[in-house]
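Have a look at the sequence and the 3D view, then read on.

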Amino acid sequence: MNTPLIPIGLALIMMTVGLSVRLSDFKALPRQWNAVGAGLLAQLVFLPLIALCVALVTRLDTVYAIGLIILASAPGGISSNLLTVLARGKTALSISLTILTNLVAFITIPTVLSVAFIVFSGSGVDGPSSSELYALPFGETALKVLAISALPLAIGMAICRFMPNFASRIEKPAKFVASAIFAAIVVNSFYSEWNSIMAHWNTVGPAVILLNLAAIGSALLFSRLFGLSAKQALTIAIECGLQNVALALVIAQFMGNGRFMVPSSIYALVMNVSVLILIAVGNKLSESKSEAHSEQ
């Protein structure tokens, strides 16, 4: 896959996500504002902070630390809605969180990276110089993320709203194409950075696994503090655990150093293992409730 095609592919993926968005998906939001608020805080604020702490505690080289934070600042993954259905979570909540986090990504990603650059430019950890870290300005980053994420998502939502019949006809084949593109982006990242991944697995791998476990664990804890139901907590955990790896890889590519992609490439495998566990837990919870109702 040619490098210039990756951002185009991601834009098509995001537009496909927008095609499946219905206004009815948002009708339940006023009744679960606390769950939406908890999900947004957990993903947009606490997840990048967790990544920063993980990077500092594990003493990652600056390049991989920034790559880890790029991953953590990425919005919810495009497959999280389907996986929430499989886990018997709150689908409307999942869709809402995915859409909202992707729509504001052009602001949140450059903001988080700006803070990360300030922290790591004076950390003394091996890696690029301060001038190299600041090679991608806030405004340029925001425009690029807007062009490949928020704008295509908004276009897909507009097509769904104003041309519903057309959107319904193309939604299924578009999802197939989007899934193929997503797989190609991840495979391409593995192929291009495989040697680097293998060379640094012992240092980067544990940090990535720790980030994934901490993301899910903190989402569950955060949900409990907000008094959310088990299904709402499970949904937020899936949203925090499944990052938009494709977007993270594209942002890492924009940074001009392939090593920024290593944490996201490893995470693409790790997150799918953890989400299988969440799906099993969600189904177990649903079965337990069904048995309890049948006994009453």
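## Aromatic rings

Keep in mind that this model is predicted. It holds two aromatic pairs. In one of them, Phe-46 and Phe-222 sit 4.9 Å centre to centre, with 50° between the planes, and the pair is tilted.

Put together, the ring pairs link Phe-46, Phe-222 and Phe-226 into a cluster.

Phe-46, at 36% relative accessibility, is partly exposed, and so is Phe-226, at 32%.

Now turn to helix H3, which covers residues 62–73. How far apart are its end C-alpha atoms? They are 16 Å apart, and this agrees with the 16 Å that twelve residues should span at 1.5 Å a residue.

Twelve of the twelve residues of H3 are buried, so the helix is largely enclosed by the rest of the structure. Among them are Tyr-64, Gly-67, Leu-68 and Leu-71. Ile-66 and Ile-70 are also on the buried list for H3.

Those two isoleucines turn up again in the largest nonpolar core, which has 77 residues: Ile-66, Ile-70 and Ile-236 touch the most other members. The largest share of this core, ten residues, is supplied by H2.

## A buried loop residue

Met-255 lies in the loop between helix H12 (245–254) and H13. Is Met-255 buried or exposed? With 13% relative accessibility, Met-255 counts as buried.

Met-255 and Gly-67 are 188 residues apart along the chain, but their C-alpha atoms are separated by 9.6 Å. Gly-67 is one of the buried residues of H3.

## Two cavities

How many cavities of 30 Å³ or more does a search of the whole structure find? The search finds two. The second largest cavity holds about 40 Å³ of space, and its lining includes Gln-43, Leu-44, Ala-72, Ser-73 and Thr-108. Helices H2 (33–57), H3 (62–73) and H6 (105–121) each give two or more residues to this lining, with the largest share, three residues, coming from H2.

What kinds of residues line this cavity? By class, five are nonpolar and three are polar, with no charged residues.

## A pocket to explore

Pockets are worth a look too. The second largest pocket has a volume of about 160 Å³. Among the residues lining this pocket are Leu-220, Arg-224, Ser-229, Ala-233 and Leu-285. At least two lining residues each come from helix H10 (201–225), helix H11 (230–241) and helix H13 (262–295).

The lining of the second largest pocket divides into eight nonpolar residues, two polar and one charged. Val-281 and Leu-278 are also part of that lining.

How values were computed
Residues are numbered from 1 along each chain as its sequence is written. This is a predicted model: local features need pLDDT of at least 70, side-chain atom pairs count only at pLDDT 80 or more; totals for chains, interfaces and linings use all residues. Side-chain values use heavy atoms; hydrogens and water are left out. On a 1 Å grid over the protein atoms alone, a cavity is a set of points where a 1.4 Å probe fits but cannot get out, and a pocket is an open set with protein on both sides within 12 Å along at least five of seven lines; lining residues have an atom within 4 Å of a point. Grid points are joined across faces, edges and corners, and a volume is the space filled by probe spheres set on the points. Helices (H or I, at least four residues) and strands (E, at least two) are DSSP runs, numbered from the N terminus. Ala, Val, Leu, Ile, Met, Phe, Trp, Tyr, Cys and Pro count as nonpolar, Asp, Glu, Lys and Arg as charged, and the others, Gly among them, as polar. Buried means under 20% relative accessible area, exposed over 50%, partly exposed in between (1.4 Å probe, protein chains only). The expected span of a helix is 1.5 Å times one less than its number of residues. A nonpolar core is a set of buried Ala, Val, Leu, Ile, Met, Phe, Trp, Tyr and Cys residues joined through side-chain atoms within 4.5 Å. Rings of Phe, Tyr and Trp (its six-membered ring) pair if their centres lie within 6.5 Å; planes under 30 degrees apart count as stacked, over 60 as edge-to-face and the rest as tilted.
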